[in-house]
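Please read them beside the sequence and the structure.

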Amino acid sequence: MASACSIRVRGVVQGVGFRPFVYRLARANTLGGWVLNDAEGVEIYLEGKEEGVEAFVRDLKAQPSPLNAVPGRSFRL
């Protein structure tokens with residue numbers, strides 16, 4: 001079944017490779033969509049099979065992102 005999801009990531013996420021990280025995670029779960037940076041952080045919009053969307057959200061929360069390697073930078077969903 002097709003599903004869509006919008007995710008807001010708040011915090012400092014620019015200049016640390018976060019969008020490429022999201023792209024690779026989306027591709028690994030066979031999802032399409034877009035990522036938009038703004039003053040508050042990042043908005044992620046995903047479309048694909050429900051299982052893929054659920055796996056993306058789970059993996060985004062569980063996997064280390066490039067942000068974890070940058071002292072003083074963090075994000076929250």
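1. Confidence. pLDDT is the predictor's confidence in each residue, on a scale from 0 to 100. The protein chain has a mean pLDDT of 81, and 81% of its residues reach 70 or more. This is a predicted model, in which local features need pLDDT of at least 70 and side-chain atom pairs count only at 80 or more, while totals for chains, interfaces and linings use all residues. Residues are numbered from 1 along each chain as its sequence is written, and side-chain values use heavy atoms, without hydrogens and water.

2. Where to be careful. Helices (H or I, at least four residues) and strands (E, at least two) are DSSP runs, numbered from the N terminus. Confidence is highest in strand 3, at a mean of 92, and lowest in strand 4 (residues 75–76), at 50. Over residues 69–75 pLDDT stays under 50, and there the model has 17 contacts (heavy atoms within 4.5 Å) beyond four places in sequence. Where pLDDT is low, the predicted coordinates should not be read in detail.

3. Helix 1. Which residues of helix 1 (residues 18–28) are buried? They are Phe18, Phe21, Val22, Leu25 and Ala26; buried means under 20% relative accessible area, exposed over 50%, and partly exposed in between (1.4 Å probe, protein chains only). These residues cover an arc of only 130° around the axis, so they lie on the same side of helix 1; the arc is taken from the directions from the helix axis to the C-beta atoms. Tyr23, Arg24, Arg27 and Ala28 are exposed on the other side. After helix 1 comes Thr30, with a positive phi near 55°.

4. The hairpin. Strand 2 (residues 32–38) and strand 3 form a hairpin with 2 residues between them. Their pairing is antiparallel, over 7 bridges; two strands count as paired if DSSP finds at least two bridges between them. Gly32 has Glu47 in strand 3 as its bridge partner.

5. Val42. Val42 sits in strand 3 (residues 41–49) and is buried, at a relative accessible area of 0%. Beyond four places in sequence, its contacts include Ile7, Val9, Phe18 and Val35. Gly11 is 31 residues from Val42 in sequence, yet their C-alpha atoms are 8.2 Å apart.

6. The core. A nonpolar core is a set of buried Ala, Val, Leu, Ile, Met, Phe, Trp, Tyr and Cys residues joined through side-chain atoms within 4.5 Å. The largest one has 17 residues, and among those with the most contacts inside it are Ile7, Phe18, Ile44 and Phe56. Strand 1 (2–11), helix 1, strand 3 and helix 2 (50–62) each give two or more residues to this core. Helix 1 gives the most, with 5 residues.
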